[in-house]
Amino acid sequence: MFDFSSVDLLDAFTRELRLCKVTEGEHVVVLSEPTSRGDYVAAAFGAAKALGAHVIAATVPGGSPAPLPSTHTGAGPGLRSVLADTTAQDLLKSADLVVDLTQEGFIHAPVQQEILRAGTRILFVCDAPDVLIRNLPDEGDKQRVLRGVELLKSSRTMRVTSAAGTDLTVQLAGSRPEFQTGFADDPGRWDHWPSTMVLCWPELSDGRIVLAEGDILLPFKEYVHTPVTLHIAGGRIEKAEGGAEARMLETFFADANDEWGRHLSHMGWGLMRSADWFATAMYGKGDLMGMDARAFAGNFLWSTGPHPVLGRESYAHLDIAMRGCTVSVDGTEVVTGGELVER
């Protein structure tokens, strides 16, 4: 029987690589591990070939020294084999585009920056097929996120509030505003399909974050059932109060025994209007990375653990996606009560 899903994947990857500006004669490396999806490898390879690129499919042993199973977060130092193998690094540095189909990627690994400095574009792909197809980006998404980046660059303070009780003040000085737009089109650019968001890496934030029912804890891929109040001082979670989820977070930090585990990392807001907040409930935990929650239009996304601006390496990486917040940047609201404001 003919596999129509393969046709859909090939079409989606071809459209995606066009957004990544893959052109005839470029060199594309499709990077995978033995546990990567074979249909993704085939679709990425076929798409790059159809666009006239020279394509190499490279399979590396993968694996990470992180003390946790793969959670699709990019936490930890990334692919052990790429970190240790200069031949693999040279291959990636010589490519115009790397399509990263590994389970964890090397999002927070220093070697990623070395590869990007060589001018290589990197596209990380790790989510369910229909999630990728539903959330295919549009070329205009880049201008949307760049407007948010420019606002952050010219501002001093971000404030996040909510009816549930969140009231957090974030100092933006030195926070290196960034974005994800779902495609890697510029030399030295890393991006993630699917994803449309604005983010920054602040050092100092103070106040409280109140997780309301229905907010999402990643990588646990669980919804909050009982409100949690997190007391923040100097960019660090001093205490978590509430029910079961508060106790789980406190236990997670204690078990991690990580000096940066309680420190806030990146934060920002989502702009992906095609995202489904309930995707987390509809898939098996091993099938989903959770980008619907992370990039959901009008969310407030914040994290703990690794912080490249401050040189902090950490395995204790949490992403927490919240709805119903108001996010203002120097008094300009970019999210109002959980609804995205675009100008």
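Does Phe45 count as buried, partly exposed or exposed, and at what relative accessibility? In this predicted model, Phe45 counts as partly exposed because its relative accessibility is 30%, and the buried class requires a value under 20%. The residue belongs to helix α2, which covers residues 38-50. Beyond the neighbours within four places in sequence, Phe45 makes contact with Val30, Val55, Ile56 and Ala57. Val28 lies 17 residues from Phe45 along the chain, with a C-alpha separation of 8.5 Å.

An open sheet is built from 8 strands, arranged in the order β14-β13-β10-β6-β5-β18-β19-β20 with antiparallel pairing. The edge positions are taken by β14 (236-242) and β20 (339-340); each has a single partner strand, so one side of each has no neighbour in the sheet. Within the sheet, strand β5 (residues 157-162) and strand β6 (residues 167-171) run antiparallel and are joined by 5 bridges. Thr161 is placed opposite Asp167 of β6. Strands of a sheet pair through backbone hydrogen bonds, in either a parallel or an antiparallel manner.

Helix α5 spans residues 110-117, and its buried residues are Val111, Gln112, Ile115 and Leu116. Viewed down the axis of α5, these buried residues fall within an arc of 140° and therefore line one face of the helix. Gly119 follows α5 and has a positive phi, near 95°.

Methods. Residues numbered from 1 in each chain as written. Predicted model: local features only at pLDDT ≥ 70, side-chain atom pairs only at ≥ 80, totals over all residues. Heavy atoms only, no water. Helix = DSSP H or I, 4+ residues; strand = E, 2+ residues; numbered from the N terminus. Buried < 20%, exposed > 50% of the residue type's maximum accessible area, 1.4 Å probe, protein only. Contact = heavy atoms within 4.5 Å. Pairing = 2+ DSSP bridges. Arc of directions from axis to C-beta.
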